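These are my notebook entries on a structure I looked up. I recorded each item as I came to it.

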Amino acid sequence: MARNPYLPYPARLEETIVENDAKDIKTFRLAFDDPAGAAEFQYLPGQFAELSLPGMGEAPFGIASSPTETGRLLFSVKRTGLFTAELHSIEPGARIGVRGPMGKPFPWDRVAGKDLLIIGGGFAFTTLRSAIVYILDPANRSRFGSVLAVYGARTPGELMYRADLAAWQKRDDIGVHLTVDKPDQNWTQHVGVVTAVLETLTPSARNTLAIVCGPPIMIKFTLLTLSKLGFSDDAIILSLEMRMKCGIGKCGRCNIGSKFVCTDGPVFTREELKTLPVEY
Amino acid sequence: MTEKRIPQTDLDRLLARLRQRAAVYAPAEDGTGEVVLAALSGKESVTLEYRNFRLSPKALVLPQNQTLLCFKDGQAEEPRLPEGETILFGVRPCDARALLALDQVFLNGNPHDPYYARLRSGATVITLACARPMSSCFCTSVGGGPGDGTGADVLAVALAGDLLLRAETSKGEALLASLADLLSDATPAAVKEAQEQVRAAEDPMTPVKVDGSAERLRQAYDSPLWEAASRKCLGCGTCSFLCPTCHCFDITDEVRGGAGRRVRTWDCCAYPLFTLHASGHNPRPTPKERWRQRIMHKFRYAVENFDRLFCVGCGRCIRHCPASLDLRTVLKEVGA
Amino acid sequence: MTASHEIETRLRETAERLLGEKKVDLFLGHEKASLPLRTTPLFLTVAADAARLAWNPFCSPNLAVYLPRLFRAPADAREAKTAPPRPTVGVVLKGCDARSVVALIQEHQLPRDKLVLVGIACPGMVDARKAERVLGLHEALGAGEDAHGNIRAVVEDGTEVTLRREQVLADVCLECRAPTPSICDIVLGAAVEPREAHVARRQAEELESRPADARWAHFQQMMSKCIRCNACRQACPMCYCKDCLLDQTRPRWVGAGTDFSDVAIYHLARAFHMAGRCTACGACARACPMGLDVRLLVRKLNLEVEDLYGYRPGEAVDATPPLSAFAMDDPQEFLTEP
């Protein structure tokens with residue numbers, strides 16, 4: 001009998017890593033109580049899960065770890081409201097429920113042989129971390145062409161996963177360009193918005209898929225730039241955020257037009273989004 | 001499938017027999033002059049003199065208030081799901097069809113909803129055909145009909161003095177077989193009379209043009225008519241709560257200490273808070289977006305997803321809206 | 001021609017003039033609904049459409065509920081820059097609607113100078129559900145008013161059924177003590193006698209005469225039918241809070257389900273928030289899809305306010321609502337001698 005989709009897997013918080021200088025973004029490493037649960041939780045980058053705290057309800061978060069990082073389940077959470085504040089305050093060893101994996105991942109079946117352009121802004125880099133770690137894994141790397149990542153934040157202190165970013169920048173099988181709006185005196189890399197960096201780098205659109213995650217305003221301008229660079233609508237992949245409850249396409253809350261962001265998304269191509277009403 | 005018959009005077013015996021094996025719901029007066037689909041304890045006076053119930057039977061497969069999880073010491077557990085059968089007697093054809101729409105959402109697709117599945121599989125539906133539709137009924141325009149057996153396990157037609165019964169599913173066949181000693185075969189004349197009664201009931205209904213509604217609504221997405229139509233909407237939730245196909249719900253935790261429950265309750269897309277994000281952004285900020293969403297969901301998105309209208313023409317929303325909004329008027333304006 | 005018909009003609013002329021002369025940007029009234037025994041609100045912006053306006057015994061909706069949102073202040077300075085100028089709104093008011101407008105003006109939700117109020121003294125409106133109950137298994141396909149003020153319904157087999165007005169008037173109309181609008185710019189029709197004061201008290205007194213456990217059982221039975229749709233709140237002109245206490249999630253004061261405690265607290269809280277503010281328009285009871293006596297609690301609370309402070313909501317726009325004011329001689333035995 002199939003598992004009850006409303007019943008979270010029991011898990012525990014193993015470790016908390018503070019990601020940014022403002023200390024309001026933390027990455028949580030979770031471990032399932034039951035190895036059987038861990039084995040069932042098979043996911044691909046781009047998917048999300050609902051984290052559950054009894055009494056506080058649930059909230060959806062993109063999975064920040066890659067399935068290639070066995071035994072490491074990561075979620076990065078920004079403290080914005082009641083639920084996230086509670087998450088930020090719990091200690092290692094505390095119980096958390098995990099429901100998922102949910103949603104459609106990035107279209108890994110389409111990327112074979114393609115070049116990838118990965119663009120992230122601010123806090124939305126979580127599932128992109130998952131994607132990059134997945135791509136760089138030796139078992140996967142040869143499936144993809146060249147990989148170029150552009151990641152922007154307001155200040156150097158707001159960049160997440162700085163250890164990972166530094167390690168990636170040392171590699172020759174991925175290009176990682178970081179940019180900030182406001183540099184500090186130690187910053188030696190790009191300054192300016194992500195779109196400005198794109199326009200400097202002018203990545204080719206030929207045989208390339210672009211994956212874009214970021215705040216609405218960044219997405220808006222990035223799409224314009226990608227159009228200019230010659231990317232067609234079905235070559236641009238986005239991840240949407242919506243208010244969610246059940247996460248399994250039943251409660252109706254996250255629906256946009258005929259789609260549910262939780263089951264038909266959150267990953268959509270620009271072409272798919274254009275058919276939907278602008279209610280997000 | 002042969003039609004069976006039972007004299008209406010034997011109805012109480014039939015229901016008593018059914019009560020031996022299941023919880024039975026049947027039309028009965030509730031003490032205020034209204035006929036409701038009541039849980040029978042044996043003391044009610046069952047009647048077949050009614051048009052339709054105010055509340056749709058969806059409450060019996062998707063309760064207003066349903067515990068999803070129990071919490072103890074911070075651990076989540078499944079509640080014990082209800083056991084046993086229910087028999088719903090006297091459901092109208094529109095409401096029976098509506099259950100199939102709910103099945104699309106809760107049973108089809110991956111994953112399916114175990115709470116809904118348990119209540120649904122335990123339910124046997126005995127539909128009672130309509131002899132007299134109301135002026136707010138329009139089931140024939142949305143693929144149904146006053147004698148439509150879709151969604152029923154047994155279809156019943158009340159003639160003068162007799163009740164004709166016909167099995168529509170194997171579940172229904174088994175049910176009628178278990179009642180064989182109470183039933184006799186219906187005469188061809190009675191069957192013909194039943195067919196004529198159904199046909200006569202179809203005539204008075206004013207047709208509503210819904211063919212191609214999905215495409216017309218797609219084109220009318222930005223039409224000014226949504227603003228005009230929705231200005232009257234109070235966001236009161238009556239339409240969604242009474243609608244037999246509306247299924248949107250909210251999930252909340254009710255916990256003190258480490259103990260409590262996670263519960264789902266009916267929700268309504270016409271409520272201002274339905275799509276409100278924690279950031280304060282609301283993709284559907286005014287009644288216009290919300291009312292448009294309601295119509296779009298039922299007459300366009302459901303068609304795109306399930307090839308099925310999520311409206312069965314029961315007319316409850318028209319009859320009970322305190323502002324007397326009528327979605328038939330809107331559909332007509334969109335088609336114009 | 002019935003009195004209603006005459007008023008209807010003059011109402012149409014008035015609305016046409018107000019819109020035509022641009023004295024109002026918007027005129028709120030009633031028009032025929034798709035089902036008989038009902039009207040539906042009408043938002044007019046074009047003078048020529050004034051012919052759609054109706055005035056008849058089915059004009060039950062309280063149009064005051066639509067007014068606050070027309071005058072909602074912009075959320076912030078940026079919104080204020082692009083917000084359109086506030087409209088001047090004409091609206092037709094019965095006695096109860098006018099009381100709601102008075103209360104909303106007192107609470108600063110409506111600007112008096114942007115309203116053109118057309119007042120009509122109301123002889124009472126038909127409760128469609130009551131009429132349908134009287135008709136039983138017959139269904140009205142059309143209904144109108146006859147020369148005696150009774151309702152003549154044409155049912156499905158073509159026959160006419162006369163419903164005595166008193167039999168089908170809304171409960172709240174049968175006890176209405178201020179059918180003539182206390183506030184208006186234009187008056188149509190003649191004044192109407194208010195109902196006697198004791199009629200309004202009768203229901204509350206009857207309930208109070210029952211022993212406590214019978215009253216509790218009555219309350220419980222009513223609450224057991226509530227489906228928590230919030231229609232009563234949404235229909236109420238005095239429930240205009242952007243963030244209703246009963247919807248709040250931080251903290252969550254009351255659950256959204258039909259557990260008795262949640263249902264009871266919802267109604268109790270709303271009743272206490274209505275004490276001294278409820279204008280007895282009956283919109284809540286009309287909206288309730290379950291036909292509950294939603295006014296059960298607030299009826300009593302309003303009488304308490306009347307007895308303690310001599311105040312009935314909505315009758316004098318210059319009055320200060322007693323629960324917003326303090327006078328040294330306010331009765332306060334409930335503090336010292338509970």
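**Entry 1: Met125(C).** I began in chain C, where Met125(C) sits in the loop between strand 4 (115–120) and helix 5 (128–135). I note at the outset that the model is predicted. Is Met125(C) buried or exposed? I counted 24 C-beta neighbours inside 10 Å, so Met125(C) is classed as buried; the cut-off for a buried residue is 20 or more. Leaving aside residues up to four places away in sequence, I listed its contacts as Pro57(C), Phe58(C), Cys59(C), Ser60(C), Leu169(C), Ala170(C) and Cys173(C). I also checked Arg286(C): its C-alpha is 11 Å from that of Met125(C), although 161 residues separate the two in sequence.

**Entry 2: Positive phi in chain C.** I then looked up two residues for their backbone angles. Leu37(C) is not a glycine, yet its phi is positive, near 70°. I found Leu37(C) in the loop between strand 1 (26–32) and strand 2 of chain C. Because 26 other C-beta atoms lie within 10 Å, Leu37(C) is buried. Asn230(C), also not a glycine, has a positive phi of about 70°. The loop that holds Asn230(C) runs between helix 9 (212–223) and helix 10 of chain C. Asn230(C) has 24 C-beta neighbours inside 10 Å and therefore counts as buried.

**Entry 3: Chain C against chain B.** How many residues of chain C are in contact with chain B? I recorded 32 residues of chain C in contact with 33 residues of chain B. On the chain C side, strand 2 (39–44), helix 10 (231–235) and helix 12 (283–287) each contribute at least two residues. Strand 2 of chain C gives the largest share, four residues.

**Entry 4: Nonpolar core.** I next examined the largest nonpolar core, which has 259 residues. Those with the most contacts inside this core are Ile118(A), Ala210(A), Ile211(A), Leu88(B), Ala156(B), Val91(C) and Ala235(C). Helix 2 (residues 93–106) of chain B gives the most to the core, with eight residues. I followed up Val91(C), which touches Leu28(C), Leu63(C), Leu67(C), Leu115(C), Leu117(C) and Val118(C), residues up to four places away in sequence not being counted. As general background, nonpolar side chains in soluble globular proteins tend to be buried together.

**Entry 5: Chain A overall.** I noted eight helices and 15 strands in chain A. The radius of gyration of chain A is 18 Å, close to the 19 Å given by the globule rule for 280 residues, so chain A is as compact as a globular protein of that length. Its C-alpha trace spans about 50 × 45 × 35 Å along the principal axes. Of the 280 residues in chain A, 47% are buried. Among contacts between residues at least 6 apart in the sequence of chain A, 70% join residues at least 24 apart.

Entry 6: The domain assignment divides chain A into domain 1 (9–101) and domain 2 (115–239). Their C-alpha centres lie 24 Å apart. I found 17 residues of domain 1 and 15 residues of domain 2 taking part in the contact. The domain 1 side is made up of six nonpolar, seven polar and four charged residues. I also recorded a cis peptide bond between Gly100(A) and Pro101(A), with omega about -5°; Pro101(A) is in strand 6 (residues 95–102). Another cis peptide bond runs from Gly265(A) to Pro266(A), with omega near 0°. I placed Pro266(A) in the loop between strand 14 (259–260) and strand 15 (267–269) of chain A.

**Entry 7: Chain B overall.** Chain B has 11 helices and 12 strands. Buried residues account for 50% of the 336 residues in chain B.

**Entry 8: Domains of chain C and confidence.** Chain C is divided into domain 1 (128–168) and domain 2 (197–336), with C-alpha centres 32 Å apart. I noted an average pLDDT of 92 for chain C, with 99% of the residues scoring at least 70. For the complex, the predictor gives an ipTM of 0.91 and a pTM of 0.91.

Methods. Residues are numbered from 1 along each chain as its sequence is written. Chains are lettered from A and ligands numbered from 1 in the order in which they are written. This is a predicted model: local features need pLDDT of at least 70, side-chain atom pairs count only at pLDDT 80 or more; totals for chains, interfaces and linings use all residues. Two residues are in contact if their C-beta atoms, placed from the backbone, lie within 7 Å. The radius of gyration is taken over C-alpha atoms; the globule rule is 2.2 Å times the number of residues to the power 0.38. A residue is buried if 20 or more other C-beta atoms lie within 10 Å of its own, exposed if 12 or fewer, and partly exposed in between; C-beta atoms are placed from the backbone. A nonpolar core is a set of buried Ala, Val, Leu, Ile, Met, Phe, Trp, Tyr and Cys residues joined through C-beta atoms within 7 Å. Domain bounds come from an automatic or database domain assignment. Ala, Val, Leu, Ile, Met, Phe, Trp, Tyr, Cys and Pro count as nonpolar, Asp, Glu, Lys and Arg as charged, and the others, Gly among them, as polar. pLDDT is the predictor's confidence in each residue, from 0 to 100.
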